[in-house]
Amino acid sequence: MSIRLQYTLSKKSIYVIALFVSLIVIIALIILSYLINNESQKTNEDFVRKGFFRKYEAIEHEFKNIEEYQSVLQNVINRSNKNNYADHFSILNDLNLNRKLIRDNWYTFYQSDKEKITDKNILSKVLHKPTIKDFKNIYLVKNQQINNFLINYNDTLYWVNYDTVKVSETENLFYGSTINLYDLYRFFIDIDINATNYAYIFNKDGICLTHPNEKFIGKNVFDFTDIKANDTITSTIVTRFPQDKYTENEASSEFIENTNIKRFIKPLKTKNFDGYVVVNHLDLIINENVARIKFYITFIFLATFLLIIFIFLLFNKLTTKAYKEKEEINDEKNRLIVENEKINNVNTLNQLQQLKNQINPHFLFNSLNSLYMLIGLNKENAQKFTMNLSKIYRYLIVPPKENTVIVEKELAFIQQYMELQESRFSEELIFKLIIEDEQSLAKKIPYLALQIVVENAIKHNIATIDEPLTIQIFVKTKAIVVRNTLQLKNNRTDNENFGLNYMQQMYQYHQNNEFKAYIKNDEFICVLPLL
């Protein structure tokens, strides 16, 4: 009865906790949905604004290309003569046939006191028509660096950019390029076919040069839209730079009936155009994106809510499994403690062996004997010998904690050590240190590794004036290579491999198995990898 009561109380507590957590999840769902929806709205508005800037930059880039093309024609005129104009303009027209936006190039001569740009003879060449009969709605642009005008001929609107050059006292030259505004409209449609917004362009007098709906091209923008003149002279953006100002507001689309849009209007000015770019983004696309995000958020939180309930229902079963896993972890932990203890024992043995090597009475006795001889022969060298011996034993008595030392420090020690040895052997010993890679001096090497290898070479090889012992240390990128001439003594001892075996164990302790010792070309070579 007692067990059953405990089980019942435990089950009730689980359901109470589950209900409490569920309530928290529902409240969190409401709050976070509100916050994320607001952020989503801001994100979509930023996306729309970035779309406007991309569209504007694309249009500005193309209009500057149209402006720069007139400079190309000017260079052709300046670098050619009257006899070559026809060939050069013909080549340019052939090249333009392969471009996405086709421009018709033209030139014509006229007597300065008779003809004007609006004469039918000139317009026939401008439009590449044999004869021009009736034309209307010529709109001349004033106060611009590149002369241009619009002409309506046979229900087609053309944009003409031109310049004039005085050829002689009585003759002038007109030259320029002509763009069919319907070609310009199709060009802008193609370069941004996947955009979720649409744009059109009109000049300062409201004449629309391009529009997704062809019927509006050449019309006055103030007649078929709700754009007011004030929209083009004010800015809803606060900035110190005039080129960054633009108008952003809500409006009704003239392109799609009964549809609200977010409208951006920004000035566009080049050498041959002074007007505005309008970019419209449909509100329904923004609202669709926000609604989709709301759906995803609701789905995620409901899935989280159901997952929490499922976790609480399985809580009792998972508890038993967790206790078993905890026992397994404890067993594994105890096993690792035993393994770690073994490693510590090996480390202790290595340190003990190194301590024996540091306090080497043989080395001390040899050094004292050499000092005794030098005192009687050369007191100055004896003093220098004593100082080096002091520095060496200071280095030996205070080993590093990690049992490794920087290469530069170990090299300084081995140089002092070799100075002592050279005092003993004089011309019988030749020592060279060659540093091939300066960056290796900052790396590490096992403590006293070089001393062990060098002492091993001196201990087991003959060194005489006739056959001096040569020891060379090369500092390379990944290792230090120690070479000595091989001239072994006859009285070889049982422990002659003690030093090499010790070095092998030291590198294994540092988990490095690349230590090598071998004989090649009458030389004994040791490779000490850098750590």
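**Close-up 1. Glu248 and Arg49 form a salt bridge in this predicted model.** Their closest N and O atoms are 3.0 Å apart. A salt bridge here is a side-chain nitrogen of Lys or Arg within 4 Å of a carboxyl oxygen of Asp or Glu. The pair links distant parts of the chain. Glu248 sits in strand 8 (residues 247-252), Arg49 sits in helix 1, and 199 residues separate them. Helices (H or I, at least four residues) and strands (E, at least two) are DSSP runs, numbered from the N terminus. Glu248 counts as buried, at 18% relative accessibility. Buried means under 20% relative accessible area, exposed means over 50%, and partly exposed lies in between (1.4 Å probe, protein chains only). Side chains of opposite charge can pair when their charged atoms come close.

Residues are numbered from 1 along each chain as its sequence is written. Local features need pLDDT of at least 70, side-chain atom pairs count only at pLDDT 80 or more, totals for chains, interfaces and linings use all residues, and side-chain values use heavy atoms, with hydrogens and water left out.

**Close-up 2. Arg49 also meets Asp46 in a salt bridge.** The N to O distance is 3.3 Å. Both residues lie in helix 1 (residues 2-79). They are 3 residues apart, about one turn of the helix. Arg49 is partly exposed, with a relative accessible area of 21%. Asp46 is partly exposed too, at 40%. A network of salt bridges links Asp46, Arg49, Glu248, Glu250 and Lys262. The count of salt bridges comes to 12.

Close-up 3. Arg483 and Glu523 join two strands through a salt bridge. Their side chains meet at 2.9 Å, N to O. Arg483 belongs to strand 15 (residues 479-485) and Glu523 to strand 17 (residues 523-529). The two residues are 40 apart, so the pair links distant parts of the chain. Arg483 is partly exposed, at 28% relative accessibility. Helix 11 packs against helix 12. Helix 11 covers residues 407-425 and helix 12 covers residues 449-460. Their axes are 9 Å apart, at an angle of about 20°. Axes are lines fitted to C-alpha atoms, for helices over the stretch in contact, and angles run from 0 to 180 degrees between N-to-C directions. The two helices are therefore roughly parallel. Angles under 35 degrees count as roughly parallel, over 145 as roughly antiparallel, 65 to 115 as roughly perpendicular and the rest as oblique. The crossing is right-handed. That means the near helix is turned clockwise from the far one by less than a right angle, while anticlockwise is left-handed.

**Close-up 4. Helix 10 crosses helix 11.** Helix 10 spans residues 379-397. The axes come within 10 Å and cross at roughly 140°. That makes helix 10 oblique to helix 11. The crossing is left-handed. Residues of helix 10 in the contact include Phe385, Leu389 and Ile392. Helix 11 brings residues including Phe413, Tyr417 and Leu420.

Terms used:
Contact means heavy atoms within 4.5 Å.
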